Amino acid sequence: HRPEKRRIGFFSFLKYWGRSGETFKRVMIGLLIFSLFNSSDAFLFLKAKDAGIGEYEIILAYIGYNLIYALISFPAGVLSDRLGKRKTMIAGLLIFSLTYAGFATMHSSEMLFFCFAAYGVYAALTEGISKAWVGEIADAGDRGVAQGFLRSTTSILSLLSGLLTGLIWTVFSPVAGMLVSAIGILFSVLFWVIFPPNVKA
């Protein structure tokens with residue numbers, strides 16, 4: 001007996017949404033809103049250049065961001081186990097919003113270092129935890145599919161976010177581009193506050 005081979009289309013991962021549970025949908029909606037306003041880090045570099053900050057300081061600040069991200073990621077994971085994934089993610093997104101508001105008004109290298117340090121804290125509180133959250137709420141037989149759905153959909157929306165930020169940046173101003181991301185992210189927080197997923201969070 002030869003098992004029947006199933007053809008898997010490029011967008012077949014979208015079918016998972018239909019059979020996923022309510023908890024998964026609520027978690028994903030918040031993450032998708034987040035992805036729609038989470039523009040590329042390249043805009044942070046461009047904003048620093050626009051503020052007249054030199055390339056040397058920008059590189060050092062970004063190295064500092066990566067160091068803080070690496071140092072805080074483990075404690076952030078411990079925190080999420082104690083407080084819950086939702087509360088930890090909300091804390092991270094609030095820091096993101098404040099950080100982008102800081103980038104929007106940035107005028108000195110000292111502020112650049114502070115903003116990138118805060119950005120490292122945000123990354124530690126959200127990046128690995130969002131994947132762990134999805135893995136936790138997905139059914140045992142669908143965890144791989146759920147992770148694929150997460151990465152595929154958020155990547156598509158991140159691309160759209162970059163286009164949206166670039167358009168606002170060009171048509172209006174760099175400050176407007178940063179502030180749209182800072183304000184837009186708060187809709188994820190608002191959604192999870194009004195419609196909390198039905199899990200310990």
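On a 1 Å grid over the protein atoms alone, a pocket is an open set of points where a 1.4 Å probe fits, with protein on both sides within 12 Å along at least five of seven lines, and its lining residues have an atom within 4 Å of a point. This is a predicted model, in which local features need pLDDT of at least 70 and side-chain atom pairs count only at pLDDT 80 or more, while totals for chains, interfaces and linings use all residues. Residues are numbered from 1 along each chain as its sequence is written, and side-chain values use heavy atoms, with hydrogens and water left out.

The largest pocket is lined by 19 residues, and Phe34, Asn38, Tyr122, Glu127 and Arg151 lie nearest its centre. Its volume, the space filled by probe spheres set on the points, is about 410 Å³. The largest share of the lining, six residues, comes from H6.

Elsewhere, helix H5 (residues 85-104) packs with helix H8 (residues 174-184) at an angle of about 170°, their axes lying 8 Å apart. That makes H5 roughly antiparallel to H8, a term for angles over 145 degrees.

Turning to the aromatic rings, pairs are counted among Phe, Tyr and Trp (its six-membered ring) if the centres lie within 6.5 Å, and the count comes to 21 aromatic pairs. The rings of Phe45 and Tyr62 have centres 5.0 Å apart and planes at 80°, so this pair is edge-to-face, the class for planes over 60 degrees apart. The pair links distant parts of the chain, with Phe45 in helix H3 and Tyr62 in helix H4, 17 residues apart.

Definitions and conventions: Axes fitted to C-alpha atoms, helices over the stretch in contact; angles between N-to-C directions. Helix = DSSP H or I, 4+ residues; strand = E, 2+ residues; numbered from the N terminus. Parallel < 35°, antiparallel > 145°, perpendicular 65-115°, else oblique. Phe/Tyr/Trp six-rings, centres within 6.5 Å; stacked < 30°, edge-to-face > 60°.
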